[in-house]
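Look over the sequence and the 3D structure below.

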Amino acid sequence: MDECTTDGETPLSSETIPFPAAASGGPISHALFRVARTHRMIAGHLLRRVGLHTGQELVMMQLWELGPQRQVDLIRLLNSDAATMTRTIRRLEHAGFVRRFPCKTDKRVWIIEATPASQALRKEVEELWRELEYAVVGDISDDEQAAVLRLLADMEERLTRAAAALGD
């Protein structure tokens with residue numbers, strides 16, 4: 001047996017990867033983790049084409065949709081943490097996509113707004129988001145997509161309750 005393979009067979013592919021026994025108590029969680037990891041990888045690849053990192057497009061989407069926002073509101077909207085949001089805003093500001101300025105009534109609060117330069121980026125982000133969606137759903141029917149969305153919403157609700165319970 002070649003020392004670079006485990007059993008003399010060809011290297012493992014996504015179809016031949018065995019389900020680990022340690023994950024047998026959570027097959028859906030295991031599948032969700034794998035799907036999320038692959039989704040993030042593809043999103044990162046697509047976003048690099050427009051000069052963004054994964055997650056930055058979500059900040060931009062909120063700013064394009066809602067207009068200028070307090071940084072703390074972006075943290076809440078995107079279920080982020082302060083350190084991650086600060087880094088994200090700093091990188092977007094450095095790229096020229098957002099502008100940051102202190103609130104007129106409370107200098108401790110920062111307001112973040114999309115710059116005019118980011119408007120050209122918006123169409124590109126919308127297009128790559130469509131590409132990502134197609135990579136996820138392909139040609140499944142509208143009814144199947146609606147069912148998936150319902151299941152994911154239910155999962156998110158349960159996970160949100162579980163996360164809140166962790167904070168108690």
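## The sheet

Two strands count as paired if DSSP finds at least two bridges between them. Helices (H or I, at least four residues) and strands (E, at least two) are DSSP runs, numbered from the N terminus. This is a predicted model: local features need pLDDT of at least 70, side-chain atom pairs count only at pLDDT 80 or more, and totals for chains, interfaces and linings use all residues. Residues are numbered from 1 along each chain as its sequence is written, and side-chain values use heavy atoms, without hydrogens and water.

The order β1-β3-β2 describes an open sheet of 3 strands with antiparallel pairing. β1 (69-70) and β2 (98-102) each have a single partner strand, so they stand at the edges, and one side of each has no neighbour in the sheet. β1 pairs with β3 (residues 110-114) over 2 bridges. Gln69 has Ile112 in β3 as its bridge partner.

## The core

The largest nonpolar core has 22 residues, and Leu52, Met60 and Leu63 touch the most other members. Such a core is a set of buried Ala, Val, Leu, Ile, Met, Phe, Trp, Tyr and Cys residues joined through side-chain atoms within 4.5 Å. Buried means under 20% relative accessible area (1.4 Å probe, protein chains only).

Contact means heavy atoms within 4.5 Å. Beyond its neighbours within four places in sequence, Leu63 contacts residues including Gln69, Leu74 and Ile112.

## A charge over a ring

The charged end of Arg100 sits over the ring of Trp110, 4.4 Å from its centre. The test is CZ of Arg, or NZ of Lys, within 6 Å of the ring centre and within 35 degrees of the ring normal.

Methods
Buried < 20%, exposed > 50% of the residue type's maximum accessible area, 1.4 Å probe, protein only.
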